[in-house]
Amino acid sequence: MSKRLSVVVLALILAISAIPSFAAPIPSKTAANQSLDSRAADLAVVRDVAANDQVAQVLAARGFTPDQVNAKISQLSPQDLHQLAQNLDQIQAAGLTQQEWIWIGIGALAALILVVALS
């Protein structure tokens, strides 16, 4: 019985090892669902914004050269680069706008009036 079992196990091992492996080339991807063309497009969008005169002046004032900025942009992860390229229109410069300062002033004045009136 053990000789028969050994023959069956050996036959199964040979049958399994004889199954061919089908490996196909997979296109290079930079991130999930992002092709190389998409990454290049995202890089172009972000670099165009970084090359804008006003943005370049602010970066230069902070001590960044255009080469340093391009190097940092190239080092972004594919996900971060794609997210940045998609949300560039939502990025604001540091600080508040004049309209926001006006609303803050009106709120502060209203709070001051309430404090004085309730005292």
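Let's start with confidence: the mean pLDDT of this chain is 77, and 76% of its residues reach 70 or more, where pLDDT is the predictor's confidence in each residue, on a scale from 0 to 100. This is a predicted model, so local features need pLDDT of at least 70 and side-chain atom pairs count only at pLDDT 80 or more, while totals for chains, interfaces and linings use all residues. Residues are numbered from 1 along each chain as its sequence is written, and side-chain values use heavy atoms, with hydrogens and water left out.

Now the layout. The chain has 6 helices and 0 strands, in the order α-α-α-α-α-α along the sequence. Helices here are DSSP runs of H or I with at least four residues, strands are runs of E with at least two, and both are numbered from the N terminus.

How much of the chain is buried? Of its 119 residues, 11% count as buried. Buried means under 20% relative accessible area, exposed means over 50%, and partly exposed is in between, with a 1.4 Å probe and protein chains only. The accessible surface comes to about 10000 Å², and 65% of that belongs to carbon and sulfur atoms; these areas come from the Shrake-Rupley method with a 1.4 Å probe, and for residues only the protein chains shown count as cover.

On to contacts, meaning heavy atoms within 4.5 Å. Among contacts with a separation of 6 or more, 65% are between residues 24 or more positions apart.

Have a look at helix α5, residues 78-86, whose buried residues are P78, L81 and A85. Seen down the axis of α5, they fall within an arc of 65°, so they line one face of the helix; the arc is that of the directions from the helix axis to the C-beta atoms. Those buried residues pack against α2 (36-50) and α4.

From the α2 side, we have L43, which is buried at 15% relative accessibility. Leaving aside neighbours within four places in sequence, L43 is in contact with I73, S74 and L81. L43 and A85 are 42 residues apart along the chain, with their C-alpha atoms separated by 7.7 Å.

Back on α5, Q86 is partly exposed at 48% relative accessibility. Q86 sits 40 residues from V46 in sequence, and 9.4 Å from it in space, C-alpha to C-alpha.

Finally, the surface. L109, L112, I113 and V116 make a nonpolar patch of about 410 Å². Patches are made of residues with over 30% relative accessible area and no salt bridge, joining like charges within 9 Å and nonpolar side chains (Val, Leu, Ile, Met, Phe, Trp, Tyr) within 5 Å. A salt bridge is a side-chain nitrogen of Lys or Arg within 4 Å of a carboxyl oxygen of Asp or Glu. V116 lies in helix α6, residues 98-118, and is exposed at 58% relative accessible area.
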